[in-house]
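Morning, everyone. Please have a look at the structure on the screen.

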Amino acid sequence: MTWLAETVAGLYHGLDIDEAMRVLAELAGFDRYQGSAGIAAAAELVAEEARRAGLVEVEVLRLPADGRTRWWTFAAPASWTPRSASLSIADGPPLASYPEHPYSLAANSAGTTAQPRTLPIVGAAEPTWQRGALVLVESISSLGPELFARLRDAAAAGFAVVTHPDRPGHVGRVELAPDSGLIGFSVDPERFAGLRDAAAAGRRAVVAVDVDTSPQYMPVVTARTASGGPRECLVTAHLCHPAPGANDNASGVAAALAVGRLLTRRPLRNRVRFVWGPEFVGLAAYLHSRSGQPGWQRPLAAVNLDMVGEDQRLCGGPLIIEHCPDYLPHFVNAVADAVAGALPQASRSYSGAVPCDVWAWRGTPYVGASDHSLLVDRSVGCPAIQIGHWPDRYNHSAADGLDKVDPQELRRSAAIAASVLCVACDDHGPAQAEDLARLVSRRAAQRMVACLPSPADPDDGAIDRARLLEHVHDAGAGALRSLLEIGAEPGRIAVHEAWLADLHASLRAAPAGVYHDSALEYVGTDRAEWPLTRAWPGPFNVRALIGQCAPDDRRRLEGEIAADRARFYAIAMALAQAIDGRAHAELVIERAALGSGLRIERAFAESFLAAMARAGWVTHGPPHGPPPQRERRDTGDTWTALKE
């Protein structure tokens, strides 16, 4: 595919990385809390840069930041702009101060009166607290509902917490509910030890917090390329987070602007729209307003840029391409992987036979922990990938500064995004369309072959490989059909689909013992086997669900989050998106596991779905028409699933 390699190289070398780094540095100077004066100023900067980049219809939407307005289940942020804050021991130097150390003050902290407050200091483990105390919390994992309830009941003034006990000088993000009435400080281990010694000596803390809670607005910036239309592709990059927030997410915003500068130079068949706003809620507000307009069509495809500039050696994680979920199969996954592999390499192997570089990238299954989750939700149905990095040891901390950004990594991320969008938005002739069909077929075939057990990946019996093979085959066939949206010839797509079907049949005929039976279930007339149906409006929102759960369910789910936030989020999102009004609970759990690549404990999945039902987010209903079934057939040691 010479044309694709040439496209990638041209975009990579055409990207003005110095300009992108300039914008990134300017954005890093703003405290970008979601309902603050800082994010409003940052939005105006982005709008001006979008105009300079040649984008058109540049607009800053000014939406309520009142903490009450909702777009589906996504609540507007509360207006909150910090001016200054300090924490010290009486007659001592500051242990935490804002704005010198932005992350030292918890977001949405309450303000003090005009005069500083002198507070008693107590440890969280002490049996009783004095009224108006500053409570010392050893670990951020302790900042759960039980502690907040105790802070409220004891009329405590607030707390100081260590977010990274193993990292000297490291201060991480803490976020409070807008109506908590608490003051929160994040301190490093050394200063926390000083507070603990002061408490033991009976000394008191001096706290001063000056915040502006007068009405602000929540900005969402939107712009588009001049060429192309009427269908759109979308680029999103969230604008929020405290300063410096260089990689999270000034890098994503700067990369999106760089993509805009590149695409304005190309004649596009489909235009590209850009959206910058507060994470989740900003895109929710945008989609809510646009989807209600007459003639609105979902975007053809989307790219979300979140944490795209990490210096891999410092931050500790590779570049990640998070794929579009299998329930929304699309060619964008295969294209993104191919583009990453086609990026110019800095060096070659000893003989020169193989290009190589010192940076790493990896494609992963869909998780949905950023704005792209709204787009791929079944209520919107826009195929989307995310480009970012994980892990990042400096994420959500004051150490996420410009020194952690690698300009070349930013270039690579922006070039991948621009290349994927060009494939989706350029005009393609028959030869190029056939190349794309081969690309999608090859990726599907590789995933199907990977369903076979390997000595290097021993199967403990938990993976139903026959079902996984069928799942992957169906996703590959769907991805091929998505090429019809960009002008692929139906007859040629049918040829590739037939080839995948033959490969599927060949792999199904593998020797006995390769596959095994697992979790066979049948759909009957029992109510427990009726399909699960979504009952929540708009895209799935984990935070809103937990807020509407019964108290016991909320405590249990918050405990799961405290134990392993990322895994909980991934499984919750996978289960929610597997609910389609046709699958019953057993099939929902299985689909969630197959799509996420995670082994989901049945007890957790059942309790989560039950909590959703009790919150009114899921209903059981009798099947409408033939429900999906799984039927045992006499095929030796394998079984066959009937397709929906």
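Trp536, Phe540 and Trp617 form one aromatic cluster. This is a predicted model: local features need pLDDT of at least 70, side-chain atom pairs count only at pLDDT 80 or more, and totals for chains, interfaces and linings use all residues. Residues are numbered from 1 along each chain as its sequence is written, and side-chain values use heavy atoms, leaving out hydrogens and water.

How many aromatic pairs does a search of the whole structure find? The count is 9. Rings of Phe, Tyr and Trp (its six-membered ring) pair if their centres lie within 6.5 Å; planes under 30 degrees apart are stacked, over 60 edge-to-face, and the rest tilted.

Take Phe148 and Phe159. Their ring centres are 6.2 Å apart and their planes meet at 75°, so this pair is edge-to-face. Phe148 sits in helix α4 and Phe159 in strand β8, so the pair ties together parts 11 residues apart in sequence. Helices (H or I, at least four residues) and strands (E, at least two) are DSSP runs, numbered from the N terminus.

Buried or exposed? Buried means under 20% relative accessible area, exposed over 50%, partly exposed in between (1.4 Å probe, protein chains only). Phe159 is buried, at 0%. Phe148 is partly exposed, at 25%.

Next, Phe604 and Phe608. This pair is stacked, with 6.0 Å between centres and 20° between planes. Both residues are buried. They are 4 residues apart in helix α19, about one helical turn.

Last, charges over rings: NZ of Lys or CZ of Arg within 6 Å of the ring centre and within 35 degrees of the ring normal. Arg378 has its charged end over the ring of Tyr327, 4.6 Å from the centre. Arg411 lies over the face of Tyr12, at 5.3 Å from the ring centre.
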